[in-house]
Amino acid sequence: MTINTTERRAAVRERYARAAVTGESCCGPADCKPPAADAAATDTTAASATPDEISCAVGYDRDEVDRVPEGANLGLGCGNPVALASLVAGETVLDLGSGGGFDCFLAAERVGPQGRVIGVDMTPEMVERARANALKGGVANVEFRLGEIEALPVADGIADIVISNCVLNLSADRPRVLAEALRALKPGGRVMISDLVSDHPAPDFVATSKDSLVGCLPVGTAEYQADLAAAGFIDISVERRQRYPAGHVLADPQVQAVIRREPAREAEVRAFVASIYSGTIRAGKPEVRG
C-alpha cells in the first residue's frame with residue numbers, strides 16, 4: 001500500500017493528535033540510561049516505557065526532564081538538540097514540530113528573558129497542549145504557532161537557530177522543510193536537528209507503508225547531506241550518535257503492522273531496524289548568500 005503526500009500528512013497529524021490527547025509515545029527505548037552496545041539485538045517491549053524514561057534514554061538528563069512543565073514531555077524525541085545547540089542568551093530559537101513544547105521550554109531557559117523561542121506544529125491538539133503548558137509553567141518567552149513545517153508561519157531571517165527533534169523524517173517533502181529553515185534563519189544562523197538516520201536502504205514494502213511512514217522510518221545520512229547542500233546550507237555534518245534499540249522499534253504497533261502484512265520478509269525488517277541510529281544533523285546558513 002502506498003500513500004500520497006496529502007494522505008501521509010493526514011496520517012501523521014492523526015497519530016500526533018492522538019499522542020497530544022492521550023500521551024501515547026512513539027517508538028522509543030524503555031530504559032532511563034543510554035542503550036547498551038548490544039541494544040539493537042534486544043527485543044524487549046516499549047509498551048511500559050514512560051515519556052520520561054524514553055527521554056532519558058535518548059540524551060536528556062533527569063534534571064531537564066523534571067524542569068519542564070508537567071505534560072510537556074511526550075517522549076517523542078530521538079535526541080536532545082537543545083543540549084547540542086550551544087544556545088546563547090538573547091538568541092531566537094525556532095523549533096520545527098514542537099509537540100508539547102518540551103524542547104522549547106528547555107531552550108527558553110538557555111536564551112533567557114531577552115531571548116525568544118517559537119514552536120511550530122501542524123497538529124492543533126499539540127499546539128493547544130503546548131500553549132497550556134506554557135501558561136501552567138509561567139514561561140513568557142515562548143510562543144506556539146499552528147502551521148506546517150513545509151510552509152513555516154514565520155518571517156524571513158527571524159531565527160538565530162532552527163532546532164527539531166525526530167520530526168523531519170516524518171515530512172513528505174524534507175527538501176522543502178530545509179529550504180524553509182534556511183529562509184527563516186538570519187545570515188550566519190545554524191540548524192541543530194536530532195533525527196533517525198540509517199545507511200541501510202529500507203525494504204520497498206516498508207518504505208511505502210503508511211504504518212512505517214508515520215512511525216520510525218529513518219533518513220539516509222547521504223540523503224540528509226545532499227538535501228542540506230541543495231537547500232543552500234554550508235558546514236554540513238550528519239553524525240550517527242547511538243544505535244537506536246531495535247527491540248523497541250519492533251514493538252511499535254506500526255512496525256508490527258508491516259511485519260504482519262509481510263511475514264515472510266520479517267528478517268529484512270529486523271535487519272533494517274537494527275541499522276537505525278539517533279543522528280545529529282548540523283549545518284549553517286552563509287553569512288551572505290551569493
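Which residues does V162 touch, not counting residues up to four places away in sequence? The points below take up this residue and its surroundings.

1. Basis of the note. This is a predicted model, in which local features need pLDDT of at least 70, side-chain atom pairs count only at pLDDT 80 or more, and totals for chains, interfaces and linings use all residues. Residues are numbered from 1 along each chain as its sequence is written, and side-chain values use heavy atoms, with hydrogens and water left out.

2. V162 and its contacts. V162 touches L94, L96, A181, L185, R190, V191 and M192, residues up to four places away in sequence not being counted; contact means heavy atoms within 4.5 Å. V162 belongs to strand 4 (residues 159–165). Helices (H or I, at least four residues) and strands (E, at least two) are DSSP runs, numbered from the N terminus. With a relative accessible area of 1%, V162 is buried; buried means under 20% relative accessible area, exposed over 50%, and partly exposed in between (1.4 Å probe, protein chains only). Between the C-alpha atoms of V162 and L178, which are 16 residues apart along the chain, the separation is 9.9 Å.

3. The chain overall. The secondary structure comprises 13 helices and eight strands. Of the 290 residues, 57% count as buried. Among contacts with a separation of 6 or more, 79% are between residues 24 or more positions apart.

4. Burial in helix 7. The buried residues of helix 7 are R174, V177, L178, E180, A181, L182 and A184. These buried residues pack against strand 1 (92–96), strand 4, strand 5 (185–198), strand 6 (219–220) and helix 10. P175, also found in helix 7, is partly exposed, with a relative accessible area of 41%.

5. Helix 7 against helix 10. The axes of helix 7 (residues 174–184) and helix 10 (residues 221–231) come within 9 Å and cross at roughly 45°. Helix 7 is therefore oblique to helix 10. Axes are lines fitted to C-alpha atoms, for helices over the stretch in contact, with angles from 0 to 180 degrees between N-to-C directions; under 35 degrees counts as roughly parallel, over 145 as roughly antiparallel, 65 to 115 as roughly perpendicular and the rest as oblique. On the helix 7 side, R174, P175, L178, A179 and L182 meet E223, Y224, D227, L228 and A231 of helix 10. By class, this contact has seven nonpolar, no polar and three charged residues (Ala, Val, Leu, Ile, Met, Phe, Trp, Tyr, Cys and Pro count as nonpolar, Asp, Glu, Lys and Arg as charged, and the others, Gly among them, as polar). P175 and L228, 53 residues apart in sequence, are 7.5 Å apart in space, C-alpha to C-alpha.

6. The nonpolar cores. A nonpolar core is a set of buried Ala, Val, Leu, Ile, Met, Phe, Trp, Tyr and Cys residues joined through side-chain atoms within 4.5 Å. The largest has 42 residues, of which L87, V93, V117, F144 and V269 touch the most other members. Helix 5 (residues 102–111) gives the most to this core, with seven residues. Apart from this core lies another, of 30 residues, with L94, I158, L168 and V219 among them.

7. Helix 5 and V117. Eight of the 10 residues of helix 5 are buried, leaving the helix mostly covered. Just after helix 5, G112 takes a positive phi of about 75°. Not counting residues up to four places away in sequence, V117 touches V93, C104, A107, A108, V111, N141, V142 and E143.
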